[in-house]
Every structure is written in structure tokens, then in C-alpha cells.
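Here are some notes from a read through the model, point by point. Have it open beside you as you go.

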Amino acid sequence: MDIVMRETAHQCLLEEIIIHFNEATHITNMHVLPFASKMFDLEGYTIQLIPPHEGGRNIVYSCDKEGHESLILRISFLPDRCRKDYLAELEYVRYLHDHGASVSNVVSSNKGHLLEEIVYEGHTFYISLFVKAKGKLLVDNHYQYREGVPLTEYYYNCGKVLGKMHQESKSYTPVHRRYPFLERYNTEKIASLIPEAFPLLKEKMAELLQTVKQLELGQENFGMIHFDFNDGNYAIDYDTGQITVYDFDNACFGWYMLDLASIWSNGAGWIQFEPDADKRRQFMDDYFQTVLAGYTSETHVSEAMLENLPLFIQLNLLENILDMFEVMQYNEQEAEEDDEHLAYLIKCMEEDIPFKGFFHEMYSPESPFEYEEN
């Protein structure tokens with residue numbers, strides 16, 4: 001086990017022993033769950049571990065009891081965030097829910113707290129509980145939308161739900177403040193995560209961050225964002241088409257365009273196997289216009305910010321790459337030469353290829369978003 005002793009950019013002094021997922025799950029099952037069950041009145045619920053996805057940072061359980069709404073219990077154990085970070089996230093989710101945004105609400109403990117914690121042998125476990133989002137994931141329905149309803153409804157609803165969240169963010173004043181994007185993603189983080197074997201990647205990332213620093217930080221453009229808005233983090237009610245958003249673990253203060261850039265990237269999945277680049281481009285233009293129609297039904301976005309869409313897609317790319325290297329570092333792995341997806345993202349960053357290379361000659365519909373070095 002490794003000891004971490006550092007001060008993060010968002011001023012949380014951390015001194016923790018890092019434990020890995022399997023060990024954390026064992027401790028949770030033996031010691032944390034009984035505590036959580038008592039604090040959140042979960043006696044009588046069937047509590048089952050939800051298998052983690054690759055890169056997942058939390059231990060998550062489904063909680064079901066006949067005659068009661070289903071719940072999701074989240075146990076956080078990694079030492080890169082502190083109590084203030086989690087409270088900032090949960091307070092924001094509660095605020096969104098109370099102001100009409102379609103998000104999974106936080107459930108308070110029997111002490112009235114949004115967050116509970118327990119320390120076991122030097123490890124701090126942060127516990128939070130959420131109402132389970134109504135509906136199902138797209139992937140669980142084999143990426144089939146509602147029968148007899150055009151996909152454009154889904155695109156529009158994605159934009160509308162996000163627009164409502166952003167509109168409420170514009171008047172949000174936090175009690176506990178989440179970190180700004182540029183405090184978490186900076187040259188120090190790049191230096192700590194990107195190996196010396198990638199000097200051009202480091203240079204391009206630093207240049208991108210310098211460009212972003214020139215952007216406007218006004219209330220209409222910059223505020224609390226989800227920063228992981230994709231179809232793995234919301235459920236769809238197949239009776240109504242309503243989308244309910246959850247997993248605000250990455251939420252931070254940033255440009256609203258970062259979430260819109262994520263929606264743009266999500267749309268590529270619907271046309272990724274099309275061999276004709278012009279058809280892919282036309283689809284993406286139509287798709288994003290539908291998303292924007294939903295978004296602007298709830299809030300405003302300026303033409304000047306929309307013109308920066310390629311920049312924000314590139315900024316999301318930077319976060320994706322850093323996250324992949326961070327997961328490798330956490331798992332004590334080196335970048336694998338045959339990781340064709342990572343190689344693809346790095347090439348886009350190093351060669352300033354816009355729109356995630358989706359219209360570039362290197363893109364292959366047979367192997368979407370993968371690149372094999374010659």
C-alpha cells in the first residue's frame with residue numbers, strides 16, 4: 001500500500017494510505033455497510049454490489065425493498081478528494097433537484113446529513129445515498145430508443161435536461177465550493193501523470209490550457225457543470241422519454257460548453273460505422289442542432305461560445321487522456337503499446353486534429369477511435 005501525503009489544488013490536505021478496489025470492497029462489506037445501513041435506515045433492504053466499470057472510483061450498491069423506492073448507495077474511498085469536495089457535490093445535486101432539474105436526488109441520513117463517513121484502520125470511507133433514477137440505460141436496452149419514437153426526441157431531451165441544469169447553475173451560490181476546472185487540470189497535473197516519453201503531448205496540453213485561460217468566465221458561460229455527461233450517467237424512462245441524470249462525481253466549476261462538447265462526442269456513436277466522412281459530418285451537424293434546440297429551450301448560449309466547440313472538444317480530450325494515465329498510475333501500469341484508443345487520442349492532441357478526428361483521414365469506421373502505429 002502507498003502513503004499519499006500532499007495538498008491538492010483545491011486546498012484539501014490529504015494524508016491517507018491508498019488501498020485498491022478489491023481491498024476497499026472487502027472492508028466495506030465487513031465494516032462500512034453495517035454502519036451505512038444504520039445511518040440511512042436500510043434495514044430490510046436487499047443490498048447488492050453493482051459491478052464496477054473500468055476506471056470507476058467508487059463502490060456502488062443497489063438497495064431494494066418491496067413497497068419502497070429503489071436507492072443507490074455510494075462508498076467513496078480514494079484519497080484525492082476530501083469531505084468538502086463531496087459535500088459540494090451533494091449540495092449541488094440537492095439544489096438542482098429542488099429547483100426542478102431532472103437529477104437523482106440525494107437522500108439524507110437519519111441525522112439529516114447529506115454525507116456520512118467512517119474511518120477504519122486509517123482509511124476514510126465517505127457514504128452517500130441517492131434515489132435510483134427511473135428507467136434504464138441505453139446500453140441495457142441494446143441502444144434501442146422508444147418504439148415508434150424518432151431518435152431526435154432523445155437528442156432534444158438530452159439538450160433540454162442539460163440546459164435546465166445549466167440555467168439553474170447560473171443562479172447557484174454554493175455553501176461548500178467545488179474546485180474550478182483549471183485548478184484540477186493544470187501543468188502540474190500534466191507533469192505528474194504524463195510520462196517523459198510524451199514530450200509533444202505535454203507541450204500541446206500546456207498550450208491548450210494557456211488558450212483556455214483567455215476565455216470569458218462570466219456567469220452566462222461559466223458555472224457548476226456535470227463534466228461527465230454521457231449515456232452511462234443518466235437513465236431514460238421508456239414510457240415518457242424523460243432523462244434523469246446522476247453521477248456528479250466529476251462536477252466542477254467550468255465552462256458550460258464542456259458539457260455541450262461531451263454531448264457532441266456522445267452523438268458520434270450513432271454514426272461511427274459510416275464510411276463516408278461527409279455523411280458523418282452532415283449527421284453530426286443535424287444531431288447537434290437538435291441538441292441545441294432542446295438546450296436553448298431552457299437556457300442561452302452565445303454564438304461566440306458555440307464557435308469554440310472544437311476547442312472544448314479538445315479540452316475534453318485532454319481530460320480523457322489525463323484520466324487514462326491516472327488510472328494506469330493508480331493501478332501501477334505503464335502505457336501499453338497496443339492501446340490503440342489511447343494512441344488515437346494522443347495523436348489527435350499532438351497533431352491538433354479537431355472534432356476528435358471524426359472527419360479526419362486517420363479515422364477508421366472499421367475500428368472507430370483507434371489508431372495503430374506503423
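1. Which are the buried residues of H11? They are Leu342, Ala343, Tyr344, Leu345, Ile346, Lys347, Cys348 and Met349, where buried means under 20% relative accessible area with a 1.4 Å probe, protein chains only. Helices here are DSSP runs (H or I, at least four residues), numbered from the N terminus.

2. A word on the source: this is a predicted model, with local features needing pLDDT of at least 70 and side-chain atom pairs counted only at pLDDT 80 or more, while totals for chains, interfaces and linings use all residues. Residues are numbered from 1 along each chain as its sequence is written, and side-chain values use heavy atoms, leaving out hydrogens and water.

3. Back to H11 (residues 340-350): eight of its eleven residues are buried, so the rest of the structure largely encloses this helix. Its buried residues pack against H6 (199-212) and H10 (309-330). Just after H11, Asp352 has a positive phi of about 55°.

4. Now look at H2 (residues 83-98) and H3 (residues 151-169). Their axes come within 10 Å and cross at roughly 110°, the axes being lines fitted to C-alpha atoms over the stretch in contact, with angles from 0 to 180 degrees between N-to-C directions. That makes H2 roughly perpendicular to H3 (65 to 115 degrees). Tyr92, Tyr95 and Leu96 of H2 meet Met165, Glu168 and Ser169 of H3, with contact meaning heavy atoms within 4.5 Å.

5. Met165 turns up again: residues touching Met165 include His226, Phe229, Val245 and Phe248.

How values were computed: Buried means under 20% relative accessible area, exposed over 50%, partly exposed in between (1.4 Å probe, protein chains only). Helices (H or I, at least four residues) and strands (E, at least two) are DSSP runs, numbered from the N terminus. Angles under 35 degrees count as roughly parallel, over 145 as roughly antiparallel, 65 to 115 as roughly perpendicular and the rest as oblique. Lists of a residue's contacts leave out its neighbours within four places in sequence.
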